[in-house]
Amino acid sequence: MIIIFVGLSTRYSKNNIDFIYAGRKLTALPLMLTLVTTWYGAISSVGQEISYNGISTWLYFSLTYYIAAFIYSEFISNRIIDKNISSITIGILNHMGKKAAIVSIPVVLLYTSPAPYLIMLANIINNVIFESNHYSLSLFLGLSLSIIYCFKGGFKSIVYTDKYQFLFMFAGFVTLTIYIIFFYDYGFKRLAETYYSNTELFNIPGKQGYMYILAWGFIAILTFIDPNFHQRTFSSKNKVEIKKAIRMSILCWFIFDMIILFCGLYTIGTNSTTPYISLAIDIYSGYPLLYGLFIVSILSIIMSTIDSLTFVSALIIGKDLKSIFNKKFNQKDIKWGIVFTILISLIIIQFFENNRIIEIWFVFGSYMVSALLVPFFCIISGIKVKHPLFLILAPLLVTLYFDIIKIDWIISMYPGLVLSFILMIFLKKN
């Protein structure tokens, strides 16, 4: 109710810059709050991965992203502003042409789809409120509550609600951690039992191996072309503020990651699609207010990602697509973009199971890496290439081919990414 009230109380503005970029006046603190909350939507999947792959989860879900975010802050954010790259699609349009930009649209839309987070949110609402009997209704409720205020205040509403969601997300998990240490597992006896019965989960690189971790390293590099990062960079008051915001975000991400890793070790063996909630039910038995605070924390984490991803997807549909065809856009186009984003997400949900939702990011992230990472480096480095459409399309098709034939020892993004680098060398203009 607090989030809905804050989001809907945002003042309506006819100005497109206000609606899309919060007037381009954001300072480091609100930028940090919205960056931290937006990046944490996958909380249920993090718990599942810790149960499945142990402490090495931190390497590919956290460390790789810190490194990518720091590189973006120090070496890329300035160029995003200087080259007027409000999104990867607009960057491709301005530097590689209309056809290349059109091909990039579906790739970016699949990557920015809120579908995996909607699945997580629906699972939680369904389990907590409806005792696993009304998944479709849970999906509708979660979707409506997460994006309704975007229609009125746009990005400003997202920034305002993220301030509260930041507080909620930390409050729930900090309280859970304190309770585990001082009341639930004083002396860490249960943690020791978990260690001795699941030693492999406390070893690096874990079950998946270093090649899997390396693959997620490439997925983390998508930070460089992530529409959420570009939008927030473009919304900053100046270059200094966005750098400060990202540095502070990395610190907050590290602190929160340590908390959820610690709590995640207690979810081992739960075999739940919502492992942290299963843990809270066990730990907070007889303490409904503490359990309620934790549910609010989980909801805040996921909902803060859904609204941001829905909004940037809507920008691609309502703003970038019209820009490609030299047509002006307005807020009505963005709002229709929200509707189309919802429809696309509901279609995507039909093709993926509710367990190990990270497969959705990994699949769509692989196409994003292979097709758009090298072209982006060409753009920010001033490298001009012949046949930019071929540079994007050929690696995309190669990745699709390896996804279809499914060779166990080859991750599909690698052949596409290698081809992309090779094509850049041969297509580079002298």
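Reader: Which helices each supply at least two residues of the lining of the second largest pocket?

Author: A pocket is an open set of points on a 1 Å grid over the protein atoms alone, with protein on both sides within 12 Å along at least five of seven lines, and lining residues have an atom within 4 Å of a point. Helices are DSSP runs (H or I, at least four residues), numbered from the N terminus. In this predicted model, α1 (2–8), α8 (115–128), α9 (135–147) and α17 each supply at least two residues of that lining. The largest contribution is that of α17, with five residues.

Reader: How is the model to be read, and how are its residues numbered?

Author: Residues are numbered from 1 along each chain as its sequence is written, and side-chain values use heavy atoms, with hydrogens and water left out. Since the model is predicted, local features need pLDDT of at least 70 and side-chain atom pairs count only at pLDDT 80 or more, whereas totals for chains, interfaces and linings use all residues.

Reader: How much space lies in the second largest pocket, and which residues are closest to its centre?

Author: A volume is the space filled by probe spheres set on the points, which are joined across faces, edges and corners. Here the second largest pocket holds about 460 Å³. Its lining comprises 18 residues, and M1, L145, V296, L299 and M303 are the closest to the centre.

Reader: How do the residues of this lining divide by class?

Author: Ala, Val, Leu, Ile, Met, Phe, Trp, Tyr, Cys and Pro count as nonpolar, Asp, Glu, Lys and Arg as charged, and the others, Gly among them, as polar. The pocket lining has 16 nonpolar residues, two polar and no charged.

Reader: Where does F168 lie, and what is it in contact with?

Author: F168 belongs to helix α11 (residues 155–184). Contact means heavy atoms within 4.5 Å. Apart from neighbours within four places in sequence, F168 is in contact with I2, I3, V296, S297 and S300.

Reader: How many cavities of 30 Å³ or more does the structure hold?

Author: A cavity is a set of grid points where a 1.4 Å probe fits but cannot get out. This structure holds four cavities of 30 Å³ or more. By class, the lining of the largest cavity has 26 nonpolar, 10 polar and two charged residues.

Reader: What lines the second largest cavity?

Author: The second largest cavity has a volume of about 70 Å³. Its lining consists of Y21, S86, S87, P227, Q231, V312, L315, I316, K319 and D320. Two or more of these residues come from each of α14 (227–235) and α17, and the largest share, five residues, belongs to α17. The lining of the second largest cavity includes five nonpolar, three polar and two charged residues.

Reader: At what angle do α14 and α17 pack?

Author: Axes are lines fitted to C-alpha atoms, for helices over the stretch in contact, and angles run from 0 to 180 degrees between N-to-C directions. Helices α14 and α17 pack at about 80 degrees, with their axes 10 Å apart. Helix α14 is therefore roughly perpendicular to α17, a term for angles of 65 to 115 degrees. In this contact, P227, N228, Q231 and R232 of α14 meet S308, L309, F311, V312 and L315 of α17.

Reader: At what angle do the axes of helix α17 and helix α18 cross?

Author: The axes of α17 (residues 288–324) and α18 (residues 331–349) come within 7 Å and cross at roughly 120 degrees. The two helices are therefore oblique to each other; angles under 35 degrees count as roughly parallel and those over 145 as roughly antiparallel, and oblique covers the rest. Residues of this contact include T310, F311 and S313 of α17 and D333, I334 and G337 of α18.
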